[in-house]
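Hello,

Here is the structure I promised to pass on to you. Have a look around first, and then read my notes below.

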Amino acid sequence: MRRAEAVTITVVLVALFGVVFGVTAGAAAGLVSVVVTVALGLTFSWFLRRRFRAWRYQERHEDLIVARGVMVQRLSVVPYGRMQFVEVTAGPVERLFHLSTVKLHTAAAASDARIPGLEQTEAARLRDRLTELGESMAAGM
Amino acid sequence: MTDAGPAPPPPDEGWSRLHPLTPIARVGRLAPALVLLLVVSNVHSKAENGTAETDYLIAITLISAVYGYIHWMVTRWRLEGDTLRIETGLIRKDSRRLPLARIQAVDIVRPFLARLLGVSELRIRLAGSGSTDGKLAYLSEAQAAELRLLLLAGHVDTEAPVSSNTGLPMASVDTGRLLASVFLSLITIIVIGTVAVLAVLDQFEPKTAAAVAGVLAVYLLSAATVIWRRLSGQYAFIAVEAPEGVRIRRGLLQTISETVPYGRIQAVRQVEPLLWRPFGWCRLEVDVAGATGRNQRGEGTSVVRKAILPVGSQQDSWHLLARLLGAPDPERTAPPGRARLKAPLSFHFLSAGHDTTHAVCVTGRINRATTWVPLEKTQSIRRVQGPLQRPLGLATVHVDVAGKRARAEFRDREIEEADQLVADLTALSRRARQRDRTPVPAAGSDAAPSGWYPDPAGRHEQRYWHEGRWTEHVANGGRRTSDAATPAP
């Protein structure tokens, strides 16, 4: 669940923008913009870090609990029996760090059970376990 | 394809065709567009010679008539044991087999011209898909009704005789009340208000009025269409009780009859708009699952919201609700007074509560909406706490059911209460689900403990099993009645 890696990427990107801006608009302006963007990036990464620290999940006997959010705190309880399918995705940045996102789909559009930044092995384990549990507890509509 | 089924009947026997008037009824669907084209071309041709355009119209009509006739020639259907087979298409052949056991609903639709010709369209929906899977347009009215009964009788779920159109009427809407209710809706008032303002403006500033009218014309027209749809769609609304669900018949020009199966109801909503409240009117809507296939992507899009009572009194609504969900009336409580700071407007009506089988909540200020959710349909339970709620020590608990919009919201509750609610509702919905899928105890074995189980005869939702035999006690949606048990086979 740690995703400090993604944070570093953001910082690198932000600093890069600053340098490009500095080359095009003069050294002084470039320095100021680098300082500002680095500060912004750090604040942003701090927010991100807090956000990802707050992301946690728990596999219980009959349901999965996913809690997330710092400003708006959300907690979802999704029974395994209600799961329609599990989705595992990995974007290019996530792949770079061998991470993936597991998402649980139910028939309700609102139920929000997404767990980003899992180690690939953990994601695969979770996927298999959820599928297995979902199969054995499946309930109709 | 497997060869396991019974031998199919000889390939060229038992086919039926659609009604011979089908091509005319199909061309009739184009009639409004054609008339519109004719009017437009006539207006244009005042200046020039417009005979060519009229010729085009005649050609279009002829071509569609010929196409309709060919379509009728190549379309045929027949019942093959437990499947209905429909074949159509001259160039691109289309052959469908609809297993009777999977038929979810059979709707009869009668567009205006078809009604004049005495024919109707049969739409067949299968479990596992939201849309129409099979369509027979058109059959004679008697044939459509007969085939509908035949198709539904092949249903494995209901052993009880399937009702014809004569069921127990549950609710109906008379024309006067429908007119009044549509008139008292926000959109109508806006349209009438705008027209009135324009008329007044026309007295003083004719030029400005004409310009504004030109700009607003499109919006006014589309609003008028919406109003007209409401009026014609819900005209002569009647809901009839049937063993398989509530049957609805409605429509002015096009008659639609559809079925809402009890078991597929995800949520029931009673809406009381501000302007209806002085009359004590309300609207009752249900969210019905069209069934969702596994591995099917899409976020529960197959749930349809249907008005089961477009406008009616509280008693009508309560009567219907009793039939749909067994009139659950859990005790409702209001959120703590400090929630007024977070929700100054909607606080007035906010309340929510739950019992062991249902959750109910009231939200909204202008449109007061009461939502009932059967806990066995719960998809997930969420607790959300926003930055405004945290300092006030409040949190909202959502009970989600299938679909995009349907949910019960316990809005702005005490934090301890919210935590307790999440735990309680999770446990209760788990129990409700288990009750739903407990296997039927085999008759004769007294091993199964006494309790409520799915009715083996299929007439009711549940039947009480006591000391090795079925009793006469049955329950539908939590409401208990009695009906003699079927003797064991």
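Strand β6 (residues 119-126) of chain B is mostly covered, with 7 of its 8 residues buried. A strand here is a DSSP run of E of at least two residues, a helix is a run of H or I of at least four, and both are numbered from the N terminus. Buried means that 20 or more other C-beta atoms lie within 10 Å of a residue's own; with 12 or fewer the residue is exposed, in between it is partly exposed, and the C-beta atoms are placed from the backbone. β6(B) runs antiparallel to strand β7 (residues 134-140) of chain B, and 5 bridges join the two. One pair to look up is Ser120(B) with its bridge partner Leu139(B) in β7(B). Strands count as paired if DSSP finds at least two bridges between them.

Before you go further, please note that this is a predicted model: local features need pLDDT of at least 70 and side-chain atom pairs count only at pLDDT 80 or more, while totals for chains, interfaces and linings use all residues. Residues are numbered from 1 along each chain as its sequence is written, and chains are lettered from A and ligands numbered from 1 in the order in which they are written.

Now the rest of chain B. Its secondary structure comes to 11 helices and 24 strands, and 32% of its 489 residues count as buried. Four strands form an open sheet in the order β1-β2-β3-β4 (chain B), with antiparallel pairing. β1 (16-17) and β4 (94-99) of chain B are at the edges with a single partner strand each, so one side of each has no neighbour in the sheet. Strand β3 (residues 83-88) of chain B pairs with β4(B) over 6 bridges, and Ile86(B) has Arg96(B) as its bridge partner there.

Which of its residues are buried? They are Ser317(B), Leu320(B), Leu321(B), Arg323(B), Leu324(B) and Leu325(B). These residues lie on the same side of α8(B) because they cover an arc of only 165° around the axis, taken from the directions from the helix axis to the C-beta atoms. After α8(B) comes Gly326(B), with a positive phi near 75°.

Leu320(B) turns up again in the largest nonpolar core, which has 72 residues: Val268(B), Ile308(B) and Leu320(B) touch the most other members. Such a core is a set of buried Ala, Val, Leu, Ile, Met, Phe, Trp, Tyr and Cys residues joined through C-beta atoms within 7 Å. Strand β13 (residues 281-289) of chain B gives the largest share, 6 residues. Another core, of 25 residues, lies apart from it and includes Ile103(B) and Leu136(B). In soluble globular proteins, nonpolar side chains tend to be buried together.

Chain A has 4 helices and 6 strands, and 28% of its 141 residues count as buried.

Where do the chains meet? The contact takes 24 residues from chain A and 30 residues from chain B, two residues being in contact if their C-beta atoms, placed from the backbone, lie within 7 Å. On chain B, β18 (380-385), β19 (394-400) and α11 (415-437) each supply at least two residues of the side that touches chain A. Strand β3 (residues 73-79) of chain A runs antiparallel to β18(B), joined by 5 bridges, and Ser76(A) has Arg382(B) as its bridge partner.

Enjoy exploring!
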